[in-house]
Amino acid sequence: MPDFPAGFRWGVSTSAYQIEGATTVDGRGPSIWDTFAREPGRIVDGSTGDEACDHYHRHAEDTALLAGLGVSAYRFSIAWPRVQPTGAGPAHAAGLDFYDRLVDGLLAAGVDPVATLFHWDLPQALEDAGGWLNRDTAARFAEYADLTAARLGDRVKLWITLNEPFIHMSLGHGIGTHAPGRMLLFDAFPVAHHQLLGHGLAVAALRARTASPVAIANNYSPVRQVGDTDADRAAAQAYDALHNRLFTDPLLGRGYPDAPGLDPAVIHDGDLDVLAAPIDVLGVNYYNPTGIRAPEEGSPLPFEMVPLDGYPRTAFDWPVAPDGLRELLLQLHDRYGDALPPIQVTESGCAYDDVPDAQGRVDDPERIAYLDGHVRAVHEAITAGVPVTGYFVWSLLDNWEWAEGFTKRFGLVHVDYPTQRRTPKSSYAWFRDLVRR
Ligand code: FCB
């Protein structure tokens, strides 16, 4: 493995609902994921995040795993319904106490806390008032950011406002496979705009409370056009605008791209300035490229997604394409030039069906190969001049993978859910050695 620049940040990521459990402990309010997971048929194995990895009670053990890994940073998310159980009103001290303990434990272990404010677990009370379709949720989000930073702003080293607003819009509100389960297709555009507005307002709230850098974590997927007709080209452009530009062009001061579904009536005067507040870091979450061709006649979508041939595949059936990460980093650099802040890859990882052997060891050579390829792709992008300053593996632990429940294992550490026993996989040792070097 080639050398990375001094100060490069190596980390791992998780999110609250996927690991914490303890969903009714210490006054936490319900979130849209508690509700959604209880609806029959939503989660493939019928599970919920009620216990997940029980990280709420085992965070000290998990911090020791981070220390053993030697990473310089840990990206976790804060559960809004712990801080404001009904999404409004004063901070709920017992909820913030948990993150206070976590952050102090991380600092004592020499690990920088990187906190995401919204990783999809909206307080149910806000959803009942319209959720992200309601413009007021943006203001509520800024208030929550302020309350959280008032308590943790002196110790969190990087703040991330939103996780993957595109996925929350498209899966949560477009096709309904994630909470809150709405099927609005392109009528989901207000969810895009209100999340971005909430981001901009939260940036201002955070700046008033902390000198730490502020970021957003977007999901990106380079588009591989399948077919060569003008219609295929138009389809690829439409998908690229939705997935890769809708949440980045306006953030970096370009205004919205010409994207399907965009409804100007939702955008009020002055909004574009608010959401383009300068950020210090652009978080990039990357898993795979997307194959796109022209849709069939009569399709409600202006594109059709097609499986990409010729790649190895993960247990999620996602293609393993490290070249896609290099391509996307170069594309961001080309597209945004000087407007592009330094990038940190805030999620990168893969699911495999990892099973302990007779000795209890978990060997995951495919994950090592996956990470090796993606880390090299980042290095190639840096060599080509893209300002990338960090790389976080998704995930520290096997955890509750949204609609896939417990069926997809992404961790460097295996979790046996009935006993909550943690077993570092061979990829944990590989990543530790990489970080050490
Ligand atoms: C990302 C999510 C993260 C995890 C990975 C596999 O889209 O941000 O929570 O589910 O996918």
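Trainee: Which residues line the largest cavity?

Mentor: In this predicted model, the structure holds 3 cavities of 30 Å³ or more, and the largest cavity has a volume of about 40 Å³. The residues that line the largest cavity are Tyr220, Asn244, Leu328, Gln331, Leu332, Arg335 and Tyr336.

Trainee: Which helix gives the largest share of the lining of the largest cavity?

Mentor: The lining of the largest cavity divides by class into 4 nonpolar, 2 polar and 1 charged residues. When the lining is sorted by helix instead, the largest share amounts to 5 residues, and the element that supplies this share is helix H12 (residues 322-336).

Trainee: Is Asn244 buried or exposed?

Mentor: Asn244, which is one of the residues lining the largest cavity, has its place in helix H10 (residues 230-245). A residue counts as buried when its relative accessible area is under 20%. Because the relative accessibility of Asn244 is 3%, Asn244 counts as buried.

Trainee: How many Å apart in space are Asn244 and Asn219, C-alpha to C-alpha?

Mentor: Along the sequence, Asn244 and Asn219 are 25 residues apart. In space, taken from C-alpha to C-alpha, the separation of Asn244 and Asn219 is 7.6 Å.

Trainee: What relative accessible area does Ser426 have?

Mentor: Ser426 lies in helix H14 (residues 426-436), and the model places Ser426 8.9 Å from Arg367, C-alpha to C-alpha, although 59 residues separate the two in sequence. The class called partly exposed falls between the buried limit of under 20% and the exposed limit of over 50%. Ser426 is partly exposed, because its relative accessible area is 21%.

Trainee: How many charged residues does the shell around the ligand have?

Mentor: The ligand is surrounded by Gln18, His119, Trp120, Asn163, Glu164, Tyr287, Glu347, Trp394, Glu401, Trp402 and Phe410. Sorted by class, this shell has 5 nonpolar and 3 polar residues, and the number of charged residues is 3.

How values were computed. Residues numbered from 1 in each chain as written. Predicted model: local features only at pLDDT ≥ 70, side-chain atom pairs only at ≥ 80, totals over all residues. Heavy atoms only, no water. Near = heavy atom within 4 Å. Nonpolar A, V, L, I, M, F, W, Y, C, P; charged D, E, K, R; others polar. 1 Å grid on protein atoms, 1.4 Å probe; cavity = no way out; pocket = protein on both sides within 12 Å on 5 of 7 lines; lining within 4 Å. Points joined across faces, edges and corners; volume = space filled by probe spheres on them. Helix = DSSP H or I, 4+ residues; strand = E, 2+ residues; numbered from the N terminus. Buried < 20%, exposed > 50% of the residue type's maximum accessible area, 1.4 Å probe, protein only.
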